[in-house]
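Keep the structure open and follow along.

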Amino acid sequence: PNASRAGVVAALDEALGAGTGDRWGDFLVRAREAWDRTRRPLLEEPLWPNWRVLAEREPYPAVPHKRLLRTRRAGTLAEVGAWELRDPRLVALLESHAVAYGLDPRDIPASAAVLPYMEHAFGVWYVRGGIRELARAVYERCVARKVEFLVGAEVAGVVEKDGRAAGVELADGSVTEADHVVAGVDPVRLHGLTGHRLDGDGAVPADRTARRSGRISVLLALRGPREAGAVHRTVVHAPDRTAELDFLSGRAAEPARPTVTVLRPDDPALRPDDEHESVVVTAAARTDVEGEAEGAGERLADLLVEAAEKAVPGLRERLLWREVRTPGHQEAESGAARGGIPAPALAAGDGRFLHPANTTALAGLYRVGGWSHPGGGLPHAGMSGALVAGLIVEGPEFRGSQ
Ligand SMILES: Cc1cc2nc3c(=O)[nH]c(=O)nc-3n(C[C@H](O)[C@H](O)[C@H](O)COP(=O)(O)OP(=O)(O)OC[C@H]3O[C@@H](n4cnc5c(N)ncnc54)[C@H](O)[C@@H]3O)c2cc1C
């Protein structure tokens with residue numbers, strides 16, 4: 001039913017009671033307004049030099065809320081939930097879109113309403129064979145276009161010549177010259193690779209983005225077939241919202257059962273035969289989850305599996321083995337700083353949720369990827385590449401979709 005607003009309204013009315021569907025539907029109309037106001041500057045255009053406008057203006061048209069003779073408007077996503085949706089189950093639905101990025105809805109601006117709107121408008125996509133098939137398809141397309149790849153080659157520094165980026169130096173000491181250097185690493189790391197101040201005064205700084213949250217995934221090997229009609233993706237909400245948010249935001253030390261996504265695609269490429277099934281269970285996790293205490297990653301994994309039992313009947317009896325992937329693994333394998341995952345850029349919030357511009361103070365050096373404008377998630381990270389291509393081909397005046 002997610003393909004249509006009417007379908008969503010009817011499904012919610014049936015599941016949560018009459019009236020809840022309309023309340024959610026009306027919220028989506030307002031979220032769409034926020035999306036329409038920010039889609040260009042926060043997805044389709046290079047970061048505005050006067051980004052303060054985006055940082056200061058809340059694009060979400062909150063409904064006036066009367067309280068103790070005062071009229072207030074929701075300033076945070078949590079207030080949108082509490083004052084406009086007024087049902088803990090709708091609140092869980094709303095906030096799960098922020099929690100997926102490790103964002104605490106109590107701390108983020110109402111503009112984060114665009115997160116559920118994007119999912120509603122564009123859907124959730126699965127790549128057959130798993131996400132690596134997307135990487136493979138992009139790789140093959142690039143090779144066909146005569147792109148050369150150097151794998152296993154760590155960049156140790158950006159080479160400068162005449163005040164411009166002129167290539168990269170690899171860890172083995174070899175140098176590759178280039179007209180333009182497009183760096184897909186996080187801006188803090190990039191700063192270390194240049195030893196150069198990459199942003200002038202008044203730019204969105206690199207160190208503003210909180211990198212507290214990554215993802216924990218538990219990969220489950222199950223005996224027995226996937227039952228006919230099993231749901232591809234189920235979100236099992238946290239039983240205790242405050243405990244989840246307090247742990248995620250670092251206010252509490254004790255892990256609580258998080259909001260968990262259970263993925264069971266009907267894809268033969270993901271199982272050895274029809275007598276087995278593989279299931280991926282994931283949740284947002286603090287990047288210091290392993291550092292907290294011995295075995296904390298495994299304990300959190302236990303909580304994920306406990307939640308997944310709600311979506312997979314007989315899960316425990318069917319379990320052959322499991323593999324736990326924490327943010328620590330992510331950091332070790334991809335170099336992603338602390339295994340954190342970046343969120344899409346959000347308006348308002350005093351600019352705390354914006355990412356550094358794609359251009360840098362060093363001519364010829366550009367930033368792409370989830371930690372740069374317009375932020376994280378594959379669609380946004382992909383857009384950063386499209387924007388840098390525009391800036392290189394059309395020059396610094398390139399204004400994206402304008
Ligand atoms: C478990 C998990 C699940 C996710 N699920 C989703 C999802 O369902 N949908 C979605 O849209 N997003 C998802 N994401 C987020 C998504 O993966 C990121 O937003 C995206 O990968 C960011 O792209 P990037 O290019 O910035 O960084 P990365 O994909 O991390 O790429 C950076 C690359 O640079 C390389 N590198 C780093 N330093 C150097 C160096 N010095 N020299 C050479 N190479 C270097 C790294 O090895 C890495 O390959 C998920 C992330 C995780 C961890």
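**Starting at the surface**

Lys146 has a relative accessibility of 74%, so it counts as exposed. The model is a predicted one. Lys146 sits in the loop between α8 (132-144) and β3. Its backbone deserves a look. Phi of Lys146 is near 70°, a positive value in a residue that is not glycine. Most residues other than glycine have a negative phi, and most peptide bonds are trans.

Ala348 also has a positive phi, of about 65°, and is not a glycine. Is Ala348 buried or exposed? Ala348 has a relative accessible area of 5%, and because the cut-off for buried is under 20%, Ala348 is buried. Look for Ala348 in the loop between α14 (327-334) and β12.

Next comes a peptide bond. The bond from His373 to Pro374 is cis, with omega near 0°. Pro374 belongs to the loop between β12 and α15.

**Along helix α15**

Follow the chain into α15, residues 378-394.

Now turn to the sides of the helix. His380, Ser384, Leu387, Val388, Gly390 and Leu391 are the buried residues in α15. Viewed down the axis of α15, the buried residues fall within an arc of 155°, so they line one face of the helix. The face turned away from that buried side carries Leu378, Pro379 and Val393, which are exposed.

Move to the open spaces. The second largest pocket holds about 470 Å³ of space. Its lining has 29 residues, and the closest to the pocket centre are Leu47, Pro49, Ala357, Thr359 and Thr360. Strand β12 (residues 365-367) gives the largest share of this lining, three residues.

What classes of residue make up the lining of the second largest pocket? The lining has 18 nonpolar, seven polar and four charged residues.

Rolling a probe the size of a water molecule over the atoms shows where empty space is left. The structure holds three cavities of 30 Å³ or more.

Start with the largest cavity, which has a volume of about 100 Å³. The largest cavity is lined by 13 residues. Trp35, Thr38, Leu42, Val114 and Ala345 lie nearest its centre. The elements that give two or more residues to this lining are α2 (20-38), α3 (40-44) and α7 (114-122). By class, the lining of the largest cavity has nine nonpolar, three polar and one charged residues. Domain 1 (5-122) and domain 2 (132-209 + 342-394) each supply at least three residues of the lining of the largest cavity.

The second largest cavity has a volume of about 60 Å³. Which residues line the second largest cavity? They are Glu244, Phe247, Leu248, Ala256, Pro258, Ala284, Ala285 and Leu300. Both α10 (241-248) and β10 (276-286) supply at least two residues of this lining. The largest share, three residues, comes from α10. By class, the lining of the second largest cavity has seven nonpolar residues, no polar ones and one charged.

**Two pairs to trace**

Finish with some distances. Val159 is in strand β3 (residues 155-161). At 24% relative accessibility, Val159 counts as partly exposed. Val159 and Glu177 are 18 residues apart in sequence, and their C-alpha atoms are 8.0 Å apart in space.

Val143 is in helix α8. With a relative accessible area of 40%, Val143 is partly exposed. Val143 and Leu54 are 89 residues apart in sequence. In space they are 39 Å apart, C-alpha to C-alpha.

Conventions
Residues are numbered from 1 along each chain as its sequence is written. This is a predicted model: local features need pLDDT of at least 70, side-chain atom pairs count only at pLDDT 80 or more; totals for chains, interfaces and linings use all residues. Side-chain values use heavy atoms; hydrogens and water are left out. On a 1 Å grid over the protein atoms alone, a cavity is a set of points where a 1.4 Å probe fits but cannot get out, and a pocket is an open set with protein on both sides within 12 Å along at least five of seven lines; lining residues have an atom within 4 Å of a point. Grid points are joined across faces, edges and corners, and a volume is the space filled by probe spheres set on the points. Helices (H or I, at least four residues) and strands (E, at least two) are DSSP runs, numbered from the N terminus. Ala, Val, Leu, Ile, Met, Phe, Trp, Tyr, Cys and Pro count as nonpolar, Asp, Glu, Lys and Arg as charged, and the others, Gly among them, as polar. The expected span of a helix is 1.5 Å times one less than its number of residues. Buried means under 20% relative accessible area, exposed over 50%, partly exposed in between (1.4 Å probe, protein chains only). The arc is that of the directions from the helix axis to the C-beta atoms. Domain bounds come from an automatic or database domain assignment.
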